[in-house]
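Work through the exercises below with the sequence and the coordinates open. Each task is followed by a solution in steps.

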Amino acid sequence: MSTSGTASGVRVRIAPSPTGEPHVGTAYIALFNYLFAKKHNGTFILRIEDTDATRSTPEFEQKVLDALKWCGLEWSEGPDIGGPYGPYRQSDRKDIYRPFVDKIVANGHGFKCFCTPERLEQMREAQRAAGKPPKYDGRCLHLTAEEVTRRVEAGEPHVVRMKIPTEGSCKFVDGVYGEVEIPWDAVDMQVLLKADGMPTYHMANVVDDHLMKITHVARGEEWLASVPKHILIYQYLGLEPPVFMHLSLMRNHDKSKLSKRKNPTSISYYSALGYLPEALMNFLGLFFIQIAEGEELLTMDQLAEKFDPENLSKAGAIFDIQKLDWLNGRWLREQLTEEQFTQRVLEWAMENDRVRQGLKLSQSRISKLGELPDLAGFLLKSDLGLTPESFAKVKSTPEEILDVLNQVQPDLEKMPEWTVESIEAELRASADKLGKKLKVVVAPLFVAVSGSSRSLPLFDSMAILGRSVVRQRLKVAAQVVASMVGSGK
């Protein structure tokens, strides 16, 4: 997106955390900010929020960049292209935050807290047992300056927390919800600086938005309850807060929150199944505009034209997969020429080197080319059509198969890297936990991942398919096998 003529001074950002597969919710919030910038001739910025050092990885950061680029979103400033307010990765900004925290403490708005994790856990358990929401009880709030100095000099680990007003409420105007009032007693004494010297998300977020001159913060409604903390930090630093806009979360049909436990939520899942990025953006963009029936098919430019941030729905965005399928079908049929369609099919098949890797594995396993679709077709299928009969050749009982699937799913979920070697190592560890031989664990996984008991090597196939597709296939397999338990099949 060009930044020429950014006379409006509007600056918005998307600030994902690279802690897992990029979620369609990230694309939804990113699209809103992108359209908002286009509408106001402003600047759209990408910032990586990796204050959670234990879960953030360079692999996931690259996935975030790739996924948002695949969506067709372009940013004017970011970790990959730089810009006047960099660096755009929080871990590279560590030294920037300390003076802001020190200023809050020096002005009497923050305090050092020496409570151990064990003490905090006991405190929370007692609060929960008493039916109260868990929050910091203020134990270190009243330590004398001498005691604080003595404990710091003794090398005692500590964090910095913010003070919260004891009465009244925080009132602010949200760009979507209008006037909001949250009582101060519902707000926790947030940690601002962790014991390792890294800021928490809340502290870094405010400082970065200020230094990057962000004018409007548009994010999911789950952050609405954090606004009082953010407003206080701005006040404690003597800074002007941006305009806040909290967008309704994407939900399933039953109004439950869109989560990977129920639905495929990774952007990579939709690209792997052959959804067009234009159709996905079209689908998400419809949540932000008012249109008449028959006007649903819209390009990014048409979405920007019709985009009206003053007239947003609070009703919630229902992630209706059938509507996405319908829109995607229309894009395939109506918006692509024959040449473009062919080109898209080839690009899709070659995505993540899928077809080439599949052919490499197939070469030594066939006697004629016509056997290829049956052997390797599962790498391109959107649905394997699993039934109880699919598991007929697996020697384990349905109960045993279900045990395997229930063990393997969370084990694979926590893997930081997704490679043939790490998949094999994780599945060997899963087999050990279950007290089973590896081949007993692998047999039902073959069926779950490929739809057949004779196929390409499992670990390689899982690596080619990718984490988000494997996650969904294991989930579907678990549902099929669960229906067999107790049915005598």
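**Exercise 1.** Is Asp 353 buried, partly exposed or exposed?

Solution. The model is a predicted one. Begin with the place in the chain: Asp 353 sits in the loop between helix H12 (338-350) and helix H13 (354-362). Next take the relative accessible area, which is 23% for Asp 353. Buried requires under 20% and exposed over 50%. Asp 353 is therefore partly exposed. Finally, check the backbone: phi of Asp 353 is near 65°, a positive value in a residue other than glycine.

**Exercise 2.** Describe Lys 213 by its location, backbone and accessibility.

Solution. The loop between helix H6 (201-211) and strand E8 (216-220) holds Lys 213. Its phi is near 55°, again positive in a residue that is not glycine. Lys 213 has 48% relative accessibility, so it counts as partly exposed.

**Exercise 3.** Which residues does a cis peptide bond join, and where does Pro 87 lie?

Solution. The bond is between Gly 86 and Pro 87, with omega about -5°. Pro 87 belongs to the loop between helix H2 (58-70) and helix H3 (94-106).

**Exercise 4.** Characterise the packing of H1 against H9.

Solution. Two packed helices are described by the angle between their axes and the distance between the axes. For H1 and helix H9 (residues 277-285), the axes come within 10 Å and cross at roughly 70°. Angles of 65 to 115 degrees count as roughly perpendicular. H1 and H9 are therefore roughly perpendicular to each other. Their crossing is right-handed. For the residues at the contact, H1 supplies Val 24, Ala 27, Tyr 28 and Leu 31, while H9 supplies Met 281, Leu 284 and Gly 285. Sorted by class, this contact has six nonpolar residues, one polar and no charged ones.

**Exercise 5.** Which residues touch the most other members of the largest nonpolar core?

Solution. This core has 100 residues, and those with the most contacts to other members are Leu 284, Phe 391 and Leu 427. Helix H1 (residues 24-39) gives the largest share of the core, 11 residues. Now take Phe 391 and set aside residues up to four places away in sequence: Phe 391 touches Leu 386, Ile 401, Pro 444, Val 447, Ala 448, Ala 477, Val 480, Val 481 and Met 484. Another core, of 45 residues, lies apart from this one, and Phe 114, Cys 115, Val 206 and Ile 214 are among its residues.

**Exercise 6.** How many of the eight residues of helix H18 are buried, and what covers them?

Solution. Helix H18 (residues 458-465) is mostly covered, with six of its eight residues buried. These are Leu 458, Phe 459, Ser 461, Met 462, Ile 464 and Leu 465. Their cover includes H13, helix H15 (398-413), helix H16 (420-434), helix H17 (438-450) and H19. Just after H18 comes Gly 466, with a positive phi of about 95°.

**Exercise 7.** Classify Arg 330 and Gln 479 as buried or exposed.

Solution. Arg 330 lies in helix H11 (residues 321-335). Arg 330 counts as buried because its relative accessibility is 16%. Beyond its neighbours within four places in sequence, Arg 330 is in contact with Glu 296, Leu 297 and Gln 335. Gln 479 lies in helix H19 (residues 467-484). With a relative accessible area of 52%, Gln 479 is exposed. The C-alpha atoms of Gln 479 and Thr 387 are separated by 9.8 Å, and these two residues are 92 residues apart along the chain.

Terms used:
Residues are numbered from 1 along each chain as its sequence is written. This is a predicted model: local features need pLDDT of at least 70, side-chain atom pairs count only at pLDDT 80 or more; totals for chains, interfaces and linings use all residues. Side-chain values use heavy atoms; hydrogens and water are left out. A nonpolar core is a set of buried Ala, Val, Leu, Ile, Met, Phe, Trp, Tyr and Cys residues joined through side-chain atoms within 4.5 Å. Buried means under 20% relative accessible area, exposed over 50%, partly exposed in between (1.4 Å probe, protein chains only). Helices (H or I, at least four residues) and strands (E, at least two) are DSSP runs, numbered from the N terminus. Contact means heavy atoms within 4.5 Å. Axes are lines fitted to C-alpha atoms, for helices over the stretch in contact, and angles run from 0 to 180 degrees between N-to-C directions. Angles under 35 degrees count as roughly parallel, over 145 as roughly antiparallel, 65 to 115 as roughly perpendicular and the rest as oblique. A crossing is left-handed if the near helix is turned anticlockwise from the far one by less than a right angle, and right-handed if clockwise. Ala, Val, Leu, Ile, Met, Phe, Trp, Tyr, Cys and Pro count as nonpolar, Asp, Glu, Lys and Arg as charged, and the others, Gly among them, as polar.
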